Amino acid sequence: GFTGLTLIHLAQNEREQAHDTTTTLRTHLLERSMLVMLPVVDSLQQRVHLHSGPPTGLHRHYQAPQPFPTVFWEQPALTQARTLLASGAAHDLAEVTVLLADARARAAERHSPRVQIEACALAALVYAAQGDEDAALSALQEAVEMAAPGGALRLLADCGLGLAGLLHKLLDAGVAPSYVRQVLAVLEVSSQEPPIPPPAPNAAQLQTLTETTLAETLTNREVDVLILLAQRLSDKEIAERLFLAPGTIKKHANNIYRKLDVHNRREAAAYARRLSLL
């Protein structure tokens, strides 16, 4: 669950939340002495740093433990491949080519299409970085043809914008056009930074917002009753003013107390004055 939540945060460009989730996961694992699973946390935290642009916390010599179960969403071996790919150095690209070939072979043996799809997509990026476009398109087409039947968009999108140019060429070639368009749409959204949130309201503003929100839940008739309650009229007098039965006025009054979280007419009247209803 924590792994999935971290990947969701990354997909939404919520880097701080992703980092906090991995920190919480590490704490849970340590508390339960589940040390065998710590490589998952290391891998996820490396993914967070890779996602964050110019990385300050990136472990540039990250190594995946071997062997590691292939059933988990997060694959340390693929994170190592992403790390080498981010380097862009010729010797790192040569190393990641071997690493991904091994990952693809293992995934095929274990019938793990998820790992195969990711490994093929990453291999496409490696070939493209090495200037071998034909090999890049071939690897990406393999990934697309495996992913398209199940509509697995994020497996390709999470490999980054570097796939966009290659995907457009596959689209032009008529390879799974509907699916490829969907991946390109996800890539476009993923590349956008989240909007800057407005400043948090201060205590006075928060109180006003809360009161206004509560008041907006009142019906027009309840507002009428609230105004008359604040004038210290009895239920019978309010009923006469509004041409309603006294029992109906009592029901309206109880609804007002519940919605405004008050207990009597005096508190309701004070609320109405704060909202300038009187």
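Me: How many helices and strands does the protein chain have?
Reply: This is a predicted model. The protein chain has 15 helices and 0 strands. Buried residues make up 40% of its 278 residues.

Me: What describes the packing of H5 and H6?
Reply: Two packed helices are described by the angle between their axes and the distance between the axes. For H5 (residues 90–109) and H6 (residues 113–129), the angle is about 155 degrees and the axes are 9 Å apart.

Me: Why is H5 called roughly antiparallel to H6?
Reply: The cut-off for that label is over 145 degrees. The angle here is about 155 degrees. Therefore H5 counts as roughly antiparallel to H6. The crossing of H5 past H6 is left-handed.

Me: Which residues of H5 and H6 make the contact?
Reply: H5 contributes Leu93, Val96, Thr97, Leu100, Ala103, Arg104, Ala107 and Ala108. From H6 come Val115, Gln116, Ala119, Cys120, Leu122, Ala123, Val126, Tyr127 and Ala129. By class, that contact has 14 nonpolar, 2 polar and 1 charged residues.

Me: What makes Asp92 count as buried?
Reply: Buried means under 20% relative accessible area. Asp92 has 13% relative accessibility, so Asp92 counts as buried. Asp92 sits in helix H5. Leaving out residues up to four places away in sequence, Asp92 touches Leu84 and Ser87.

Me: What share of the contacts with a separation of 6 or more comes from residues 24 or more positions apart?
Reply: In the protein chain, that share is 56%.

Conventions. Residues are numbered from 1 along each chain as its sequence is written. This is a predicted model: local features need pLDDT of at least 70, side-chain atom pairs count only at pLDDT 80 or more; totals for chains, interfaces and linings use all residues. Side-chain values use heavy atoms; hydrogens and water are left out. Axes are lines fitted to C-alpha atoms, for helices over the stretch in contact, and angles run from 0 to 180 degrees between N-to-C directions. Helices (H or I, at least four residues) and strands (E, at least two) are DSSP runs, numbered from the N terminus. Angles under 35 degrees count as roughly parallel, over 145 as roughly antiparallel, 65 to 115 as roughly perpendicular and the rest as oblique. A crossing is left-handed if the near helix is turned anticlockwise from the far one by less than a right angle, and right-handed if clockwise. Contact means heavy atoms within 4.5 Å. Ala, Val, Leu, Ile, Met, Phe, Trp, Tyr, Cys and Pro count as nonpolar, Asp, Glu, Lys and Arg as charged, and the others, Gly among them, as polar. Buried means under 20% relative accessible area, exposed over 50%, partly exposed in between (1.4 Å probe, protein chains only).
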